[in-house]
Amino acid sequence: MTIRTVLQALVHRQRVTEDLKMASSTRSPSAVSLHGSLQLRHVDAGSCNGCEMEINSAFGPVYDAERFGVRLVASPRHADALLVTGPVTKNMVGPLLKTFEALPEPRLVISLGDCAHDCGVFRGGYGVEGAVDDVLAVDVHVAGCPPHPEAIIEALRSLTGQ
Amino acid sequence: MSNAPLIVTGVAGLAATIAGGALPRRVRVWGATLLTWVSCAAAIVGAVDVLRHGDSLILRSSQFIPFTGVNLALKPLGSVFVIATAVVAVASTLYWTGYAKHGFSTRSASAAMALFVTSMLLVPAAASVSTFLILWELMALSSLLLVLTDQARREEARSAAQWYAVMTHVGAAAILLALVILSTHAGSQSFDAIALHSRQLPSGVRATVFLLAVAGFGSKAGAVPFHVWLPKAHAEAPGPASALMSGAMVNLGIYGILLVGDQLLGGGPVWWWLVVMALGVVSALFGALYAATSTDLKRLLAYSTSDNMGLILIALGASGLFAANGNHAASSVALVAGLLMMLNHSVFKSTLFLAAGSVQMATGSRNLDRLGGLMRRMPVTGAIFLVGALSVSALPPFNGFIGEWLLFQGLLHGLPTTSTAIVIAVLVGVGALALTSGLTVVAFVKATGVGFLGRARSDEAILASEVPRVMQLGAGLLAMLCVLLGLLPMLVLGALDRAARSVTGTSIQSPVRGWSALHLHGLHGVIAPLLLAAGLVVVTALAGASRRRAHRSASPYPDLRSTDPWASGRQLQTPRMQYTATSYAEPVQRVFDDVIRPARDVDVSHAAESRYYIERISYYSTSDDLIERKLYRPFIAIVRWWGERARSLQNGSVHRYLAYGLFALVVILAVIA
């Protein structure tokens, strides 16, 4: 990485921070009991991995979503919310439900990306069961194919209120 | 005193043997069993009588055995062993009446069973060298037959029987040599005469006799390194026979060491008993370690027998040490501890072996990695095994605890001494006892947890059903005895004390006697097992009650919900994903890697198309006996090598044989001339 790209990234980060500060910081009613802290368990239910790259980016050094009280955790037992990407494939219905079942209450479901909402280009595919909505009750949806990290952070901030 | 009990024991035992060999199949087993019970009952009556009055039952006759006749004298020490044998025998034969229907009701098995019990009942009463050796051999041969009963179905039984036959006869040869040396010096083969004359023997001869006896009897008791036959033979013998071998026969090895060391030689110098103690420490640790890592249920129990015999040898050694050092109070406590542990071991180990026999009958397998979930399918057998496992782990309300407590008392109270050797021996003994107790718990948590809890790991374990009532009853009687002896050890301590007093001359119980608490005489030691058990029950009840209350009262989590354990979203949970015996023992095996030296192998086979695709991974691990591998196998290899060489002398050519004859004749003539 050249010095130039590092500087670019830093400048970008400054701008992102300023943009995000202007965004509204009201907490959605479904997340009141979280008290500003959100632990996420991510499940890839059949994504093309585009959304995963954006999630990585949102939690990377540039956007740094952890500043707003959001964390990715390694087990649903530690999580408050399920972050689901991709259309739900037939093979992933069971594991997705099992993961949701393993989440302690109160729990939320966030669907991320257009595929999670309406299966996107995979709609009608032989291995596709349906959208996340067809399997679980979704609380928050992040649109985009893939969604921009700023959009992801905005949605998450609406839950943490930070 | 009348010697009727001895006569009845012998005659009923012989009748049982004949009945087992001659009666038709339908009534054979019950006939032999009932006559064996008569024999056992007579033996118990005689032994209790001896213990109560302190004098011996004597039976001398020049009949029965040609040239030497029979010479039996049941003394207080032997009586303890007779009672242990008889109790185990009654329960095991009752169990056998159910077990025998599965191919063990042959003439040879029935006769061997009765003969085995009878010879074991009479060995502790033998009072002359020839009587003793004849009974000893009868015991060895009849048990050998029992090991072989399953040989048609199991290849391993034959190899086990070979090991057993060779080891028991090498042991018998050592015993024979020891007793013959004694009787030639005494000029008589009666034990009384030998005991009178043995004091005048030179110390070198006395030491040789003692060491031979320790090796010979130690091999019967399963002391390491003479134990290699034990895990094979005890595992391969059918259930009731292995219960008798592990519960009663190994005791007679202990009896033999007491007989030669204390009664015939009248005690010895400190170093003799240090040898016994060292043997005990090695056996206890080695046995416990292999029990903790075995995956075969009966092999595990057999190694645990080695371990328990080791603890008893530590007790005997400590008792001898303290006696040689003049601390008679501690000596008596250690000896009573040894006898109590022997009695307890008889009861709980035969319980466990009978339960393991039931498991083998119900599932056809002894491999813990193929069992599991049996507590639900065989609740009675499971409960019996659990009682046995708690006893062998020496946990308070059960009988194993009280023996180990006494041994700790004996060892620790022997400490204020001037001899450095004794201090070191006692500390090593206490350490070995502690480590052994821990490893035993690991072994039996594994046996119960993997074998009886969890989910079934094989079809046989799924299809297992409870064994016939009579088998449950036979094993259940012993399990009840485990609890009874744990709650009221006073019932037997008086008798054991009297037996020990006949050896050491001091009593362990203080004049303040009660039926619930034991006060050690001359030492500061009190234990009240009944109070202990009551306390335990109260604490358990309180814990249960408070838990239930916590459940009923308003919980801080009103919407408590139970879900499956988290398994990374995996949908198929198979019983193979449970802890196995191998994986449970793996940490212990890793810690003691240098001692066990297991052979491990991981074999990865790849798919033909690419090395990145793995077809299967197989893991293979065996921990066969280190001593067998390092000590016996090389010796066997040498013997075999010489055998191969010697075979070239015999090539079938008659001319050559004639030449040998001629050559031998010439040599002989040359030597004579």
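Q: Is G98(B) buried or exposed?
A: A residue counts as buried if 20 or more other C-beta atoms, placed from the backbone, lie within 10 Å of its own, as exposed if 12 or fewer do, and as partly exposed in between. G98(B) has 23 other C-beta atoms within 10 Å, so G98(B) is buried. Please note that this is a predicted model, in which local features need pLDDT of at least 70 and side-chain atom pairs count only at pLDDT 80 or more, whereas totals for chains, interfaces and linings use all residues. Residues are numbered from 1 along each chain as its sequence is written, and chains are lettered from A and ligands numbered from 1 in the order in which they are written.

Q: In which helix is G98(B) found, and with which residues is G98(B) in contact?
A: Helices (H or I, at least four residues) and strands (E, at least two) are DSSP runs, numbered from the N terminus. G98(B) belongs to helix α3 (residues 76-99) of chain B. Two residues are in contact if their C-beta atoms lie within 7 Å. With neighbours within four places in sequence left aside, G98(B) is in contact with V467(B), P468(B), V470(B) and M471(B). G98(B) and P468(B) are 370 residues apart in sequence, yet their C-alpha atoms are 6.4 Å apart in space.

Q: Which way do the residues of β2(B) point?
A: In a regular strand the side chains alternate between the two faces of the sheet. From β2(B), V70(B), L72(B) and L74(B) point one way, N71(B) and A73(B) the other way, and all are buried. Since five of the five residues of strand β2 (residues 70-74) of chain B are buried, the strand is largely enclosed by the rest of the structure.

Q: How many bridges join strand β1 of chain B to β2(B)?
A: Two strands pair if DSSP finds at least two bridges between them. Strand β1 (residues 57-61) of chain B and β2(B) run antiparallel and are joined by five bridges. Within this pair, R60(B) stands opposite N71(B).

Q: What is the order of the five strands in the open sheet of chain A?
A: Strands of a sheet pair through backbone hydrogen bonds, either parallel or antiparallel. In chain A the order is β2-β1-β3-β5-β7, with parallel pairing. The edge strands, β2 (70-72) and β7 (140-142) of chain A, each pair on one side only. Five bridges join the parallel strands β1 (residues 38-44) and β3 (residues 81-85) of chain A; R41(A) has L82(A) as its bridge partner in β3(A).

Q: How many helices and strands does chain A have?
A: Chain A has six helices and seven strands. Of the 162 residues in chain A, 36% are buried.

Q: How many residues does the contact take from chain B and from chain A?
A: The contact takes five residues from chain B and ten residues from chain A.
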